[in-house]
Amino acid sequence: MNNIDNIKEYAKINRVPIINDEGLVFLLEQINKYQVKEVLEIGSAIAYSAIMMAKNGANVTTIERDQKMYEQAIKNIADLGLTTKIKVVYKDALTAFADVASKEYDLLFIDAAKAQYEKFFNLYTPLLKKGGIIICDNLDFHGLVETDLTQYKRHLRQMLTKIKKFRTFLINNPDYITTIYKIGDGLSLSIKK
């Protein structure tokens with residue numbers, strides 16, 4: 001895959017969840033606004049968002065636990081000549097702290113296992129620089145989070161409940177100023193106080 005359109009097409013054909021266009025615009029706008037140079041991304045998938053952030057001037061460290069996704073991410077990054085801008089860590093994000101803790105980050109971008117968002121947030125926010133930001137994707141989860149959860153099967157209901165709980169955690173966290181946006185699939189922006 002030698003260009004970004006091919007990566008998007010691959011994601012569509014193979015049902016790989018990547019950030020949607022509206023969410024990506026928001027993400028890149030925040031990178032510019034906050035002059036982000038170092039990004040820690042939780043959840044690489046096929047490196048679409050990492051590539052877009054790197055093309056926007058950021059250095060990206062991204063964590064991916066799925067071997068097939070990891071291999072595709074490495075290939076996509078190499079095909080686009082971005083191996084010096086993007087480092088991919090092949091590990092479960094809940095166990096990868098030591099692999100990424102050698103520097104501070106301007107942005108923590110969480111787009112991985114939705115049920116683990118609060119754990120990712122608590123684990124990796126100590127690596128944020130003062131004034132650093134956290135962006136989380138999929139906080140509306142296809143518009144399902146604000147519906148009657150009793151209509152869904154148990155597994156989906158549990159995940160949606162965890163997303164709702166995480167949204168409340170973000171809004172009430174005294175160390176951050178958080179805004180949740182109805183952009184893309186629901187994005188939050190948390191600014192460290």
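Okay, let's start with a definition: two strands pair if DSSP finds at least two bridges between them. Helices (H or I, at least four residues) and strands (E, at least two) are DSSP runs, numbered from the N terminus.

Quick housekeeping. This is a predicted model, with local features needing pLDDT of at least 70 and side-chain atom pairs counting only at pLDDT 80 or more, while totals for chains, interfaces and linings use all residues. Residues are numbered from 1 along each chain as its sequence is written, and side-chain values use heavy atoms, with hydrogens and water left out.

So, the sheet. In S7, Ile134 has Ser190 as its bridge partner. That belongs to the pairing of S5 (residues 128-136) with S7 (residues 187-192), antiparallel, with four bridges. Zooming out, we have seven strands in an open, mixed sheet, ordered S3-S2-S1-S4-S5-S7-S6. At the edges sit S3 (86-90) and S6 (176-181), each pairing on one side only. From one strand to the next, the twist averages 15°.

Now, what packs on the sheet? Helix H6 (residues 117-124) does, touching S1, S2, S4, S5, S6 and S7 (contact means heavy atoms within 4.5 Å). The direction of H6 makes about 165° with that of S4; axes are lines fitted to C-alpha atoms, for helices over the stretch in contact, and angles run from 0 to 180 degrees between N-to-C directions.

On the H2 side, the contact uses Asp21, Leu24, Leu27, Leu28 and Ile31; H3 brings Tyr48, Met52 and Met53.
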